[in-house]
Amino acid sequence: MATEFDHPLQPLVRKLESLTILSDEEREAIQGLPFKRRALNARQDVVRDGDTASQCCLVLEGWACRYKIIREGKRQIFSFHIAGDIPDLQGLHIPLMDHGFATMTTATVAFIPHEAMRDLTARFSGVAAKLWHDMLVDAGIFRQWLICMGRRSAYDQMAHLFCELYLRQEAVGLAADNRCSMPITQVDLADATGLSYVHVNRVLQEMRAKGLITLRGGVLVIEDWDELVRVAEFDGAYLHQRKRAVA
Amino acid sequence: MPLFYFDVREGSTFVQDEEGIDFPDLDKAEQEAIQAVVSIGRERLPRGDTRDVTVEVQDENRKRVLTVTVALTVDRVDASS
């Protein structure tokens with residue numbers, strides 16, 4: 001958990017260090033980035049579909065998601081983001097946004113100018129490689145979501161999502177003991193899984209009845225991790241977490 | 001927006017909606033019920049242990065306002081006849 005002694009950009013350092021190893025110089029260079037800190041409301045757009053991005057948005061606290069709205073106002077959420085993530089990092093090289101990015105909860109973010117990111121990555125090729133690494137893992141998560149949405153049952157798909165969101169939070173020190181924050185409504189879950197709200201509700205009730213998980217008040221408690229992993233056919237290798245790789 | 005509850009019945013299994021959800025009107029709630037019953041039925045019916053799935057929609061007072069059912073019928077022709 002963040003403490004008052006942490007550097008403000010510590011969540012980014014912690015995220016990258018969950019995936020790779022940063023040298024002292026690289027860590028200091030990241031912490032030396034200029035940024036503007038902003039407190040945002042829940043469900044506030046940070047970048048809209050069609051915008052041209054000129055800065056990166058690092059999540060410091062709270063949850064965000066990337067999404068796209070199609071006809072009749074239907075929304076597809078395609079990723080959830082937590083502290084340490086830069087959901088619009090791709091904007092550094094392709095500034096025209098082909099989707100939106102919004103907060104889900106009240107959030108604190110740091111806006112880092114593209115110019116400063118470019119300068120950082122030009123001076124430290126290792127940092128550039130590590131940000132690229134992060135984006136490749138991000139792409140791996142998309143592949144898993146695609147498999148889940150296309151081929152898994154609603155039950156298995158949601159079990160998979162809960163395994164993933166728990167491990168991602170655990171890796172950056174935001175979760176432990178099979179308990180983590182999950183400030184997602186059933187409508188958000190429906191939009192992220194491509195299921196209907198009623199189907200999501202039904203699956204959650206079944207999971208609760210089987211003693212797998214409880215999801216209440218924005219907190220996920222995993223009652224039976226091994227069984228959740230088994231039904232989801234979950235293999236966390238795609239998250240490429242250092243701690244998991246060693247274990 | 002009015003609140004609606006969506007209870008699901010699959011054969012002998014009954015799942016009650018404890019939270020409910022807001023919809024602009026009954027038409028939108030009906031659309032949701034149809035989406036739900038089709039997607040639940042698509043997964044549930046091929047398992048073979050139940051032949052129908054029903055979503056019952058209730059208003060904020062838990063009064064039933066709408067029921068949607070999907071049923072699977074298999075009609076195998078008897079080769080001996």
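Let me start in the loop between α5 and β8 (179-181) of chain A, where we find A:Asp177. This is a predicted model, so please take everything I say as read from a prediction. A:Asp177 has a positive phi of about 55°, although it is not a glycine, and with a relative accessible area of 73% it is exposed.

There is another residue of this kind in chain A. A:His240, in the loop between α8 (225-232) and α9 (242-246), has a positive phi near 50° and is likewise not a glycine. At 47% relative accessibility, A:His240 counts as partly exposed. A positive phi, near 60°, also turns up at A:Glu72 in the hairpin of β4(A) and β5(A), where five residues lie between the strands. Those two strands, residues 64-69 and residues 75-81, pair in the antiparallel sense over six bridges, and within that pairing A:Lys68 stands opposite A:Gln76.

From there I would like to move to A:Arg168, which belongs to helix α5 of chain A. Is A:Arg168 buried or exposed? It counts as buried, because its relative accessibility is 14% and the cut-off for buried is under 20%. Leaving aside neighbours within four places in sequence, A:Arg168 is in contact with several residues, including A:Phe80, A:His81, A:Asp85 and A:Leu239. A:His81 is 87 residues away from A:Arg168 along the chain, yet their C-alpha atoms are separated by 9.4 Å. With A:Asp85 there is also a polar contact of 2.8 Å between the side chains.

A:Asp85 deserves a moment of its own, since it is buried, with a relative accessible area of 4%. Besides the polar contact with A:Arg168, A:Asp85 has a salt bridge with A:Lys15, at 2.8 Å from N to O. A:Asp85 sits in the loop between β5 and β6 (100-103) and A:Lys15 in helix α1, so this pair ties together parts of chain A that are 70 residues apart in sequence. A:Lys15 counts as buried too, at 15% relative accessibility. Its helix, α1 (residues 10-19), is largely enclosed by the rest of the structure, because nine of its ten residues are buried; among them are A:Leu12, A:Val13, A:Arg14 and A:Leu16.

A second salt bridge within chain A joins the side chains of A:Arg152 and A:Glu233, at 3.0 Å from N to O. Which parts of the chain does this pair tie together? A:Arg152 lies in the loop between α4 (125-151) and α5, and A:Glu233 in the loop between α8 and α9, so the parts that are joined lie 81 residues apart in sequence.

Turning to chain B, we meet a salt bridge between the side chains of B:Asp7 and B:Arg62, at 3.6 Å from N to O. B:Asp7 is in strand β1 (residues 3-10) and B:Arg62 in the loop between β4 and β5 (64-71), so the pair ties together parts that are 55 residues apart in sequence. B:Asp7 counts as buried, at 3% relative accessibility, while B:Arg62, at 32%, is partly exposed. B:Asp7 is also one of the residues touched by B:Thr54, which has its place in strand β4 (residues 52-58) of chain B. B:Thr54 is buried, with a relative accessible area of 15%, and its side chain makes a polar contact of 3.0 Å with that of B:Thr69.

Finally, the two chains meet each other. The contact takes 14 residues from chain A and 17 residues from chain B, and the area buried between them is about 1,300 Å², of which carbon and sulfur atoms give 50%. On the chain A side, A:Tyr197, A:Val198 and A:Arg202 supply 46% of the area that this chain buries against chain B, more than any other three residues.

How many salt bridges are counted between chain A and chain B? The count is three, and one that I can point to joins B:Glu10 and A:Arg202, whose closest N and O atoms are 2.1 Å apart. Helices α5 (154-171), α6 (186-193) and α7 (197-209) of chain A each supply at least two residues of the side that touches chain B, and α7(A) gives the most, with seven residues. By class, that side has five nonpolar, six polar and three charged residues. I will stop at the network of salt bridges that links A:Arg202, A:Glu206 and A:Lys210 with B:Glu10, B:Arg44 and B:Asp49.

Definitions and conventions. Residues are numbered from 1 along each chain as its sequence is written. Chains are lettered from A and ligands numbered from 1 in the order in which they are written. This is a predicted model: local features need pLDDT of at least 70, side-chain atom pairs count only at pLDDT 80 or more; totals for chains, interfaces and linings use all residues. Side-chain values use heavy atoms; hydrogens and water are left out. Helices (H or I, at least four residues) and strands (E, at least two) are DSSP runs, numbered from the N terminus. Buried means under 20% relative accessible area, exposed over 50%, partly exposed in between (1.4 Å probe, protein chains only). A polar contact is a pair of N or O atoms within 3.5 Å; within protein, one must be able to donate a hydrogen and the other to accept it, and residues adjacent in sequence count only if both atoms are side-chain atoms. Contact means heavy atoms within 4.5 Å. Buried area is the accessible area (1.4 Å probe) that two parts lose on being put together, summed over both. A salt bridge is a side-chain nitrogen of Lys or Arg within 4 Å of a carboxyl oxygen of Asp or Glu. Ala, Val, Leu, Ile, Met, Phe, Trp, Tyr, Cys and Pro count as nonpolar, Asp, Glu, Lys and Arg as charged, and the others, Gly among them, as polar. Two strands pair if DSSP finds at least two bridges between them.
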